[in-house]
Amino acid sequence: MANADDAGAESVTFLVDEASFHGRRVIGKLASFQSGPALVVHNTSVFTDDDFERLGNIGQGGKVGRVNSIGRFGPGALSFYHFSELPWVISGEWCLFLDPSKQYLPRERGNIGRVAARVPLSFCLNRYPDQLKPLEGLFGFSSEVDCYKGTLFRFPLRTVDQTNESNLSKTHFSPVDITKTIDRFYAYATQSLFFTKSLREITALRRLGTKDLRTIPVWSAGSRPKPIPHGIDAVNLSLKLKPPQSFDETTEHWIVTRNELAQEEFPPEMQAIFPLHRLSTPTFGLAMNLSTQSSICNSRFFATLPLPVCTSLPVHIHATWILAQDRLSIRYDASNGAAQQSDDTLYNKYLLEKGVAPLYVRTLALILQHHPDVVWRFWPRKAEDDLSRIVVMELYELIISTQEPVLLSAQDKRIAPANSVIHSSKAPVGYLVKEGGSLDCIPLLVRGDRQLVELRSSGSRMIFASHRTDLARLFGPSTIVSLDFSDLAAQELVKLNVNVRTLDSRGMRELLARHGLPVTPVETMANCGTQRDWHKDVLEFIASPDCPVKVQDLADLPLLPAAGRDLVVSLNHAKSGKIWWRYPYEAQALTTVLLQLGVIAVDDLPRETERPDTNDLTRIIQLFGQLNLSSGEVLQRVAPKDWDAFVQYLKPWIQDDYLEGLSGADLQTLETVPFFRGRQGIKQLSYVPTSQVMMLPDSVPLDIFTRYLPPETTFAESSPQLVAVLRVGNHAEKILSFPSLFSQLHIPGQLTENEDDSFSSLLLIVATHHTGTYDSRLIPDGTRTLRRPGELFDHRVTLFSTAFEGRDDLFVHPNFRHLIDSLIGIGVRREITSQILLECIQAVDRDARQGLETGLRAGWIWDYVNTAPPQLREITFATVPTPHLTAVYPSIGEPSPADVVRHLSSLVNRVAPERDRSSTLLSDIRSVYDWLGSNRDDVRALLQPLANEPLWLNINSDLDDWVWRAADQLVFDLTFDVGGRFVVQTFLLPHRSLLVDAGANEYRLASPPPSTTSEDETPHWEGVRSGWNQLRETGQLLDICFKVEGQEIPAHRGMLAVVVPYFRDAFVGSSRKSIIVAEGAELPVYPLPQDEAATAFTVQSVVELWNKISGRETEQLLYLRMRCLHTIAEPVLIFWFFDPICVRWLKLRENFSPDLREAAGLLTARRRVNTPPPLPDRSNTSVKIKSDVPEGDHQKAIRSF
């Protein structure tokens, strides 16, 4: 914009171009700059040859000596390389391509890279038509015209691929990025048209990448100056503003005045500054906003365009400054010890005193003439910065003697201060009050500022006669009756019904409105930092007992100042729960965090205001619940040191007494606030919420243990606060015990030297808090390899150090031996047993076999063995001892039977509970059983007293759960467990003889007595059966009938009573049942129980089987019984119908299969105890009918049933 204004452009337009274009007829390597988004900037001026030359001299400037040239040093021309690699410029008859990295433009002779290339527009259009295709139709540009009346800049946005090769910047830009930048620029653009020479309009557009290349407006700012006839260069400037994402246009009205100082007007000592800084004629100006309702609070200094330098004056100030090196601030240095300042500072100070201050006085006179109602806004008050203070001091020095009419007389006439008199006499007013009559429009009322104003009955600002000292201090002396009047005289004026009144709620609202506060209800309002104390003073006055206005009367107006922010809020809004009430004693740490989180805090509350009665913890947690911020968002907004202080402040509140008073919702919020330091592996976290952590046991250091814990889990050190939160929140599972902590340890295979200190602490904690033997790798050996404690020996035991000499892998590393006593408690071997002694002997033997010198070690161990207690010398060898050894010790390696039995008991009772399903232990147990079986005669007497001890592993395979049984509980040849007796499983079957010796049982089926009849004789029982069958088939002597659904089953009552005990009891016993004799029936009918069909089938089968059964049909009888068990509702019928028959016939048969013999035995055993057999699992039982049995009536009945 500076370049455009220098060139005389009237408008500047920014266009974000999202369209892409393609074509091969382009200059050099510029094809990649055709596609993709770009920023296009247009202005209405045309470059001169000098402009092209200066722009081509990148970074060298070129506007030296040009009067009113604001971009003379060229930083603006350099700024576009921040987002573009190769800008283009089209202006008039020329195209200019800029390539500061010398990578893309065609090279000159000698292979010299080009920084810039200036090409005639006609040549480019004819030779490289695709080059300018992206600009076709934009801002009147056409490829049909050789001369463009305007200037177009095209800045292709730097892409990701171009970033990789760029020497200018490693930042790439998207259309979204540049659009956000343009939107942010709107606020700057609205203030950029006050002091420009020709620039009147700034616009932002966006061209879509659609097929129709549609262009849409983004925002705009335009100015229309209208000259004001006055003694200075002054204009009435109208600003037309249309902000981004808005369809509404607003208008602001400004007064802008200008002037200049010739070089000759500066003191001689400043003349050298002009050529040094290439200064032209200095200009300066003021801009005052007529549209605002109060003084401007965000005024700036300008160097034609806005600078990021604020002024406390109610006007914008422009001048031809000497800027600081950063080009963003005005050069002004504090005086040194000799009260001297630099020449640059003196130049800027001279501009303020001799240029800006006089122009300010003349501008006030101008506004008083044309806008008297608002002139008070622009009178400067207390200056807060050095530059503003210079203007104010000089301004009031000039006001005293100025001839400019900047004041109003009592008759509302403009008058110069030098010609005015301030009246203080009250006598005329007192006289007129006593005389009575109308005083309307008589200018005799003296205000507190010693100005005479008219007494008016209506339509005028009120002047207050009460509380004058306080009101003058708060709202200015112009709001009160002069203090020269007594209170009684002032009160007399109130009675005249003119514009004098006492203070009340309505009057206070009017005073606040004059001060710029809204008179209608508003929750919040921004204010300058200087107004904070004023608001506090107003509140103190209103809350005082003497004030007739109460805070509640103004509860809807923003009066409460927010702590640390330029904001005031209303009392109603503060009581809504959205505002933090800050106690006078509240810690600064809390306030600091709340401000960084964007919370509005109110302090110094009026005395009438009731503060919340909840404690700080509850209030803070509820506030965090309203903020609804994640822990990451909280830590991102708050500075780390401030959050540290806040956590320390809150810790005393985090205890059971306070936490138990929280609601469920508050507890959930508390668990999301990052109060505790955490760690994931070696990654140190700042603070984490309770919901994300597991708490280590007490005294466990976080930095040591977490590197050996799962890295995906967040851990925190134990603290009373964390324990309280987890306990009250019912998260006890997050409080790790030592066993659960040790189970999660991930110990590496090898330890580095720099881990010694931390790992030593870990070892001490494990050794202190672990109970029993630690069975995972934990302790570094001499080679720094981590091993299980049971694999290492105590280096202080001479036997171990001698036997394992040179074996560093069997001892604790020297750096950790100071913990040896603690490590023994978790499994490091110190006790000498026979097995360990054997390992020592084998170690020396192994070294000797490898050719190592072991004489001294072997001799020492030989002496040790000979002097060792007897129990240490009871060693079981894995191999047969050598003949020489057995010759010396004939019984070496041969345990006694008692030793083996004791060994078995030890394996079962001591080892097995800790090593369930261990393959090694299983092998040892098998070996012991084999040895006992090989020495049955020697161990029988030792095992029999132990028949009731569970020494025998009764399993089928290695995968079974281990079950131990006593010998007297086991029964061989039994097919299922019954009555405390258990089937011998596969693992024990090879040891049958041993188990029988130890007290196990064997199941045997008794053999029937041999038959005494010859093969040719018919047995007696066969004759009885045959006789009954003949009687039944011929229908003789039948005396009972079973009737089911029309089917009759005749039978002999006596035969059934003899064969089946059930019928014997039914027919003749005490429980006999009635037999029904139906009318017209040939035989009496026996009533069948419950399921008649099933019972009838049973009876039919019994009758037919009894009469037809033969030797080869006996097996079919058992299968029929099994089938009936699946179909009959009452198992007792099967029990009493079939079992006696089955048993009787089975006992008379010898050629049955073993399973049938077993079945008979079971039936016999069950009948002895007089209990029916249990129903089998019907889901897996199937009835098998032997194929060689002839098809009979009973088989047909089975199939049909």
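Me: Which residue stands opposite H318 in β14?

Reply: F302 does. Keep in mind that this is a predicted model.

Me: How do you know that β12 and β14 count as paired, and in which sense?

Reply: Two strands pair if there are at least two bridges between them. Strand β12 (residues 300–303) and β14 have 2 bridges, in the parallel sense.

Me: What joins β11 to β14, and in which sense do they run?

Reply: There are 4 bridges between strand β11 (residues 283–289) and β14, and the two run antiparallel. In this pair, A287 stands opposite H316.

Me: Which way do the residues of β14 point, and are they buried or exposed?

Reply: H316 and H318 point one way from strand β14 (residues 316–319). I317 and A319 point the other way. All are buried, which means under 20% relative accessible area. In a regular strand the side chains alternate between the two faces of the sheet.

Me: How do you know that the span of helix α25 agrees with its 14 residues?

Reply: At 1.5 Å a residue, α25 (residues 756–769) should span 20 Å. Its end C-alpha atoms are 20 Å apart, so the two agree.

Me: What covers the buried residues of α25?

Reply: The cover includes α22 (702–705), α24 (738–743), β32 (779–780), β33 (786–787) and α27 (820–824). Among the buried residues are F759, L762, L763, I765 and V766.

Me: Which residues have the most contacts inside the largest nonpolar core?

Reply: W321 and Y360, in a core of 50 residues. The elements giving two or more residues to this core include β11, β14 and α9 (386–401). α8 gives the most, with 13 residues. In soluble globular proteins, nonpolar side chains tend to be buried together.

Me: What is W321 in contact with, leaving aside its neighbours within four places in sequence?

Reply: The list includes F301, F302, L307, I330, Y347 and L351. Contact here means heavy atoms within 4.5 Å.

Me: Which residues does the second core include?

Reply: L594, V599, I654 and V728 are among its 41 residues, and this core is separate.

How values were computed: Residues are numbered from 1 along each chain as its sequence is written. This is a predicted model: local features need pLDDT of at least 70, side-chain atom pairs count only at pLDDT 80 or more; totals for chains, interfaces and linings use all residues. Side-chain values use heavy atoms; hydrogens and water are left out. Buried means under 20% relative accessible area, exposed over 50%, partly exposed in between (1.4 Å probe, protein chains only). The expected span of a helix is 1.5 Å times one less than its number of residues. A nonpolar core is a set of buried Ala, Val, Leu, Ile, Met, Phe, Trp, Tyr and Cys residues joined through side-chain atoms within 4.5 Å.
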